[in-house]
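Here is a friendly walk through one protein model, meant to be read with the structure open beside you.

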Amino acid sequence: MKLYITPGSPYARMARIVVIEKKLANRVEIIVAQTRVTDSPYYRINPSGRVPYLVRDDGSGLEESTVICAWLDHLDGNPVFGEPPGAAAWEARRLEALARSLVDGLAVWSREMSRPAHERSPTTILHETHRSRRLIDVWEQEIDHPLMHGALNMLQITLACALGLDARNPDFQWRAGHPKLSAWYDRIAALPSFTATAPPAAK
């Protein structure tokens with residue numbers, strides 16, 4: 001199988017972490033895609049141009065990180081990243097959606113900052129800055145939730161990939177005033193699957 005990624009994408013990082021955690025490295029080839037350029041050869045593989053994108057053994061493709069992560073998790077018939085049973089499943093969905101909101105907003109912010117300075121929208125940047133601050137404040141409290149501790153799960157992966165975007169965006173300064181969240185992240189970020197997929201620093 002072929003997993004197309006870009007090194008700085010938090011969405012692609014989620015899939016790469018699952019590949020490592022599920023010990024699928026010998027079955028999944030990681031390929032860096034060329035995105036956001038005119039006529040990239042990658043667009044003939046994935047017309048949307050987004051990452052991650054998984055081309056399965058039968059040649060069919062899967063797009064969108066949650067779909068790809070779930071498929072990889074079920075590949076061996078022993079999924080470990082699925083939702084917990086019963087009412088806890090809704091708590092997992094609630095928290096994962098909260099983490100996904102942070103990732104999505106930071107992705108918009110990062111894309112805006114990647115534009116030439118004269119093309120950036122100050123309104124968009126300010127909006128995403130404020131959104132991230134509100135969500136970080138919420139997560140300082142939610143990080144005590146039992147689902148944020150114990151065995152690694154998708155909502156933990158999603159939140160950690162969001163917080164790790166401080167390497168890509170120096171203006172995303174989330175640690176001050178959030179000691180519990182910082183301690184939690186430092187523990188997760190030290191896992192081999194996270195160190196192996198750490199995003200490159202912004203240039």
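## A tour of the model

Thr197 sits in the segment after H7. Helices (H or I, at least four residues) and strands (E, at least two) are DSSP runs, numbered from the N terminus. With a relative accessibility of 2%, Thr197 counts as buried; here buried means under 20% relative accessible area, exposed over 50%, and partly exposed in between (1.4 Å probe, protein chains only). Leaving aside residues up to four places away in sequence, Thr197 touches Arg13, Arg16, Ile17 and Ile20, where a contact means heavy atoms within 4.5 Å.

Before going further, a word on what you are looking at: this is a predicted model, in which local features need pLDDT of at least 70 and side-chain atom pairs count only at pLDDT 80 or more, while totals for chains, interfaces and linings use all residues. Residues are numbered from 1 along each chain as its sequence is written, and side-chain values use heavy atoms, with hydrogens and water left out.

### The β-α-β unit

Strand S1 (residues 2-5) pairs with strand S2 (residues 29-32) in the parallel sense, over four bridges. Two strands are taken to pair if DSSP finds at least two bridges between them. Within this pairing, Tyr4 stands opposite Ile31 in S2. Together with helix H1 (residues 10-21), S1 and S2 make a right-handed β-α-β unit; right-handed means that, with the strands pointing away from the viewer, the path from the first strand over the helix to the second runs clockwise.

### A helix enclosed by others

How many residues of helix H5 (residues 154-163) are buried? The count is 10 of the 10, so H5 is largely enclosed by the rest of the structure. The buried residues of H5 pack against H1, helix H2 (65-74), helix H3 (88-114), helix H4 (122-142), helix H6 (179-189) and helix H7 (192-195). Asn153 caps the N-terminal end of H5, with a side-chain oxygen 3.3 Å from the backbone nitrogen of Leu155. A polar contact is a pair of N or O atoms within 3.5 Å; within protein, one must be able to donate a hydrogen and the other to accept it, and residues adjacent in sequence count only if both atoms are side-chain atoms.

One of the buried residues in H5 is Cys161. A search of the whole structure finds zero disulfides, a disulfide being a pair of cysteine sulfur atoms within 2.5 Å. Cys161 is in no disulfide, and its nearest cysteine sulfur, that of Cys69, is 8.5 Å away. Cys161 has a relative accessible area of 1% and is buried; Cys69 is buried too, with 2%.

Turning to H6, Pro179 has its place in this helix. Pro179 is exposed, with a relative accessible area of 56%. Pro179 and Glu140 are 39 residues apart in sequence, yet 7.7 Å apart in space, C-alpha to C-alpha.

### Aromatic pairs

The structure holds three aromatic pairs. Rings of Phe, Tyr and Trp (its six-membered ring) pair if their centres lie within 6.5 Å; planes under 30 degrees apart count as stacked, over 60 as edge-to-face and the rest as tilted. Two of these pairs are set out here.

| Pair | Centre to centre | Angle between planes | Class |
|---|---|---|---|
| Tyr4 and Tyr42 | 5.4 Å | 35° | tilted |
| Trp109 and Phe172 | 6.3 Å | 70° | edge-to-face |

The Trp109 and Phe172 pair links distant parts of the chain, joining helix H3 to the loop between H5 and H6 across 63 residues. Trp109 is buried at 2% relative accessibility, and Phe172 is buried at 3%. Tyr4 and Tyr42 are both buried as well.

### Loops and backbone details

Asn46 is found in the loop between S2 and strand S3 (53-55). Is Asn46 buried or exposed? Asn46 is buried, with a relative accessible area of 2%, and it touches Tyr53 and Glu63, not counting residues up to four places away in sequence.

Pro52 lies in the loop between S2 and S3, and a cis peptide bond with omega of about 0° joins Val51 to Pro52. Arg36 is also found in the loop between S2 and S3. Arg36 is not a glycine, but its phi is positive, near 60°; Arg36 is exposed, with a relative accessible area of 66%. Glu64, in the loop between strand S4 (61-63) and H2, has a positive phi of about 90° although it is not a glycine. At 35% relative accessibility, Glu64 counts as partly exposed.
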